[in-house]
Amino acid sequence: MPKDPVCGQYVPATTPYKLEIEGEIYYFCSAACAEEYENNAEDYVDEAVAEKPGVED
Ligand SMILES: [Zn+2]
């Protein structure tokens with residue numbers, strides 16, 4: 001089941017709230033989450049590509 005990247009809950013793939021961004025389809029629980037993602041996509045990048053270079057402990 002796809003996961004809503006905004007609120008983190010699982011949503012059915014049949015949800016009408018989805019966005020296709022750069023060939024990836026993202027599923028949302030509500031229009032509000034889809035809108036939030038669209039407006040702040042950079043804040044919700046996939047964790048796999050969210051590594052911040054130059055951050056050292
Ligand atoms: Zn949501």
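The model is predicted: local features need pLDDT of at least 70, side-chain atom pairs count only at pLDDT 80 or more, and totals for chains, interfaces and linings use all residues. Residues are numbered from 1 along each chain as its sequence is written. The chain has 57 residues, of which 14% count as buried. Its secondary structure comes to 1 helix and 2 strands. Along the sequence the pattern reads β-β-α.

**Confidence**
- The chain averages a pLDDT of 86, where pLDDT is the predictor's confidence in each residue, from 0 to 100.
- A score of at least 70 is reached by 79% of the residues.
- Among the elements, helix α1 (residues 31-39) has the highest mean pLDDT, 96.
- Strand β1 (residues 18-21) has the lowest, 92.
- Helices (H or I, at least four residues) and strands (E, at least two) are DSSP runs, numbered from the N terminus.

**Hairpin**
- β1 and β2 pair in the antiparallel sense over 4 bridges; strands pair if DSSP finds at least two bridges between them.
- The two strands form a hairpin with 2 residues between them.
- K18 has Y27 as its bridge partner in β2.
- L19 stands opposite Y26 in β2.
- E22 lies in the loop between β1 and β2.
- Phi of E22 is near 50°, a positive value in a residue other than glycine.
- Most residues other than glycine have a negative phi.
- E22 is exposed, because 5 other C-beta atoms lie within 10 Å.
- The burial classes are set by counting other C-beta atoms within 10 Å of a residue's own: buried at 20 or more, exposed at 12 or fewer, partly exposed in between, with C-beta atoms placed from the backbone.

**K18 and Y26**
- K18 sits in strand β1.
- K18 counts as partly exposed, because it has 14 C-beta neighbours inside 10 Å.
- Not counting residues up to four places away in sequence, K18 touches I25, Y26, Y27 and F28.
- A contact means that the C-beta atoms of two residues, placed from the backbone, lie within 7 Å.
- The C-alpha atoms of K18 and D4 are separated by 9.4 Å, with the two residues 14 apart along the chain.
- Y26, leaving aside neighbours within four places in sequence, is in contact with P5, K18, L19, I21 and Y37.

**Core**
- The largest nonpolar core has 7 residues: V6, Y26, Y27, F28, C33, A34 and Y37.
- β2 (24-27) and α1 each supply at least two residues of this core.
- α1 gives the most, with 3 residues.
- A nonpolar core is a set of buried Ala, Val, Leu, Ile, Met, Phe, Trp, Tyr and Cys residues joined through C-beta atoms within 7 Å.

**Helix α1**
- C33, A34 and Y37 are buried in α1.
- These residues are on the same side of α1, because they cover an arc of only 100° around the axis.
- The arc is that of the directions from the helix axis to the C-beta atoms.
- The buried residues of α1 pack against β1 and β2.
- On the other side of α1, A31, A32 and N39 are exposed.

**Contact range**
- Of the contacts between residues at least 6 apart in sequence, 22% join residues at least 24 apart.
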